[in-house]
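Please read them beside the coordinates.

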Amino acid sequence: MTPAVLWLRHGTCDDGLCRPGAHARPHSGLTIGGTVEAELAADQLRVRAWRPSLTVSSPLRRARQTAVLVAARLHSRLAEPIATFIEWRAPRCVLGLTASQYPPEYLAWRGQRAANPDSALPGGESLHAFAERAREAAAIADHLATEHGTVLIVSHRLLIGAVAAHHHGHRRPADVFRRATDFQLAPGRPWTAPIEETT
């Protein structure tokens, strides 16, 4: 059975290539390799006869570029970006930095964020807000599928991981964020919620 909603992580971006493990900056665009990953993802979906009626993305540059490439290759209608599908908003103080470069204020906040999920540093998103946004993203995706048929959502690893955590029944913000952080999804790779069998 073909899933109604398929999530796709964007291709590798400049920050992802030059600063592995860093929180990519919003303007970071696809590398040449990321462009190839997006094209290969579309080709693999076509081989599986998976043709989305609609392709939607996060407005962040790397996701939008991926969506444009995939939609063109699959002859899918490209919708306007939806802000709910953006990546977790990391605080400004860590954008583009690797873990060894994190400032003390971020390390201190990271040490207590699970116990205080409503806290956030400037420019950043609290764990509670992120968990709620992931829940909203899943609901929007389901609504789009109801309205348009099969839908492809081009987004980001942590957001897709949080959607997966919600699918598996996790609701506490700290649990959702931990599951999202541990979620493994390579650039240009798809994820879909397991289809429940009916008898």
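1. E125 is buried, with a relative accessible area of 4%; buried means under 20% relative accessible area, exposed over 50%, and partly exposed in between (1.4 Å probe, protein chains only). The residue sits in the loop between α4 (104-112) and α5. Leaving aside neighbours within four places in sequence, E125 is in contact with E87, W88, R89, A120, F130 and R133, where contact means heavy atoms within 4.5 Å.

2. On the basis of these notes: this is a predicted model, in which local features need pLDDT of at least 70 and side-chain atom pairs count only at pLDDT 80 or more, while totals for chains, interfaces and linings use all residues. Residues are numbered from 1 along each chain as its sequence is written, and side-chain values use heavy atoms, with hydrogens and water left out.

3. The open sheet has five strands in the order β3-β2-β4-β1-β5, with mixed pairing. Its edge strands are β3 (77-78) and β5 (190-191), each pairing on one side only. Helices (H or I, at least four residues) and strands (E, at least two) are DSSP runs, numbered from the N terminus; two strands pair if DSSP finds at least two bridges between them.

4. Within the sheet, β2 (residues 54-57) and β4 (residues 151-155) pair in the parallel sense over four bridges. T55 has L152 in β4 as its bridge partner. Helix α3 (residues 61-74) lies across β1 (5-9), β2, β3 and β4, and runs at about 165° to β2. Axes here are lines fitted to C-alpha atoms, for helices over the stretch in contact, and angles run from 0 to 180 degrees between N-to-C directions.

5. How do α5 and α7 cross? The axes of α5 (residues 127-148) and α7 (residues 173-182) come within 8 Å and cross at roughly 75°. The two helices are therefore roughly perpendicular to each other; angles of 65 to 115 degrees count as such, under 35 as roughly parallel, over 145 as roughly antiparallel and the rest as oblique. On the α5 side the contact involves L127, H128, F130 and A131, and these meet P173, A174, V176, F177 and A180 in α7. By class, this contact has eight nonpolar, one polar and no charged residues. In that scheme Ala, Val, Leu, Ile, Met, Phe, Trp, Tyr, Cys and Pro count as nonpolar, Asp, Glu, Lys and Arg as charged, and the others, Gly among them, as polar.

6. Helix α6 (residues 157-167) is largely enclosed by the rest of the structure, because nine of its eleven residues are buried. Among them are L158, I160, V163 and H166. The cover over the buried residues of α6 includes β1, α5, β4, α7 and β5. G169, which follows α6, has a positive phi, near 95°.

7. G188 is in the loop between α7 and β5 and counts as buried at 6% relative accessibility. Its C-alpha atom is separated by 4.6 Å from that of G11, although the two residues are 177 apart along the chain. Not counting residues up to four places away in sequence, G188 touches L8, R9, H10, G11, E37 and A41.

8. How many disulfides does a search of the whole structure find? The search finds zero disulfides, a disulfide being a pair of cysteine sulfur atoms within 2.5 Å. For C18, the nearest cysteine sulfur, that of C13, is 9.0 Å away; C18 counts as exposed at 60% relative accessibility. For C93, the nearest cysteine sulfur is also that of C13, 19 Å away. C93 is partly exposed, with a relative accessible area of 25%.
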